Amino acid sequence: MDIEVMRNAYGRQLGSFHTEALIKTDNGEVQIPMTFIRAPYINKVSGDAEALALVDGHIVAAQQGKQLVTAFHPELDDDTTLHNMFLNMIADR
């Protein structure tokens with residue numbers, strides 16, 4: 001994926017946090033919960049990569065083709081928006 005990241009950008013384990021933010025989906029922007037644990041953020045997207053979500057001005061989700069990356073852990077929240085988005089993305093041929 002054509003991105004640059006800052007590893008552990010939010011610090012150590014004690015820097016972990018939970019928030020809600022907008023993410024771009026095929027159906028427009030949707031607010032979802034986001035849990036960050038020793039998370040990176042994306043400094044830059046290039047080529048066909050697209051930023052999908054921002055938290056505090058930092059890119060925390062991106063997509064390029066059928067690749068999807070997040071700086072947060074969507075599996076730790078009950079919201080399945082991102083999971084469904086990924087399933088739709090890979091099923092679309």
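**Figure 1. Contacts of Q64.** Apart from neighbours within four places in sequence, Q64 is in contact (heavy atoms within 4.5 Å) with M1, D2, D48 and A49. The side chain of Q64 reaches the backbone nitrogen of D2 at 2.7 Å. This is a predicted model, in which local features need pLDDT of at least 70 and side-chain atom pairs count only at pLDDT 80 or more, while totals for chains, interfaces and linings use all residues. Residues are numbered from 1 along each chain as its sequence is written, and side-chain values use heavy atoms, with hydrogens and water left out.

**Figure 2. Setting of Q64 in its strand.** Q64 belongs to strand β6, which covers residues 58-64. With a relative accessible area of 13%, Q64 is buried (under 20% relative accessible area, 1.4 Å probe, protein chains only).

**Figure 3. Strands and helix of the protein chain.** The protein chain contains 7 strands and 1 helix, arranged along the sequence as β-β-β-β-β-β-β-α. Helices (H or I, at least four residues) and strands (E, at least two) are DSSP runs, numbered from the N terminus. Of the contacts between residues at least 6 apart in sequence, 54% join residues at least 24 apart.

**Figure 4. Burial and charge in the protein chain.** Buried residues account for 31% of the 93 residues. The chain carries 13 negative side chains (Asp and Glu) and 7 positive ones (Lys and Arg), with His and the chain ends not counted. The centres of the two sets lie 10 Å apart, each charge being placed at NZ of Lys, CZ of Arg, CG of Asp or CD of Glu.

Technical notes: Buried means under 20% relative accessible area, exposed over 50%, partly exposed in between (1.4 Å probe, protein chains only). A polar contact is a pair of N or O atoms within 3.5 Å; within protein, one must be able to donate a hydrogen and the other to accept it, and residues adjacent in sequence count only if both atoms are side-chain atoms.
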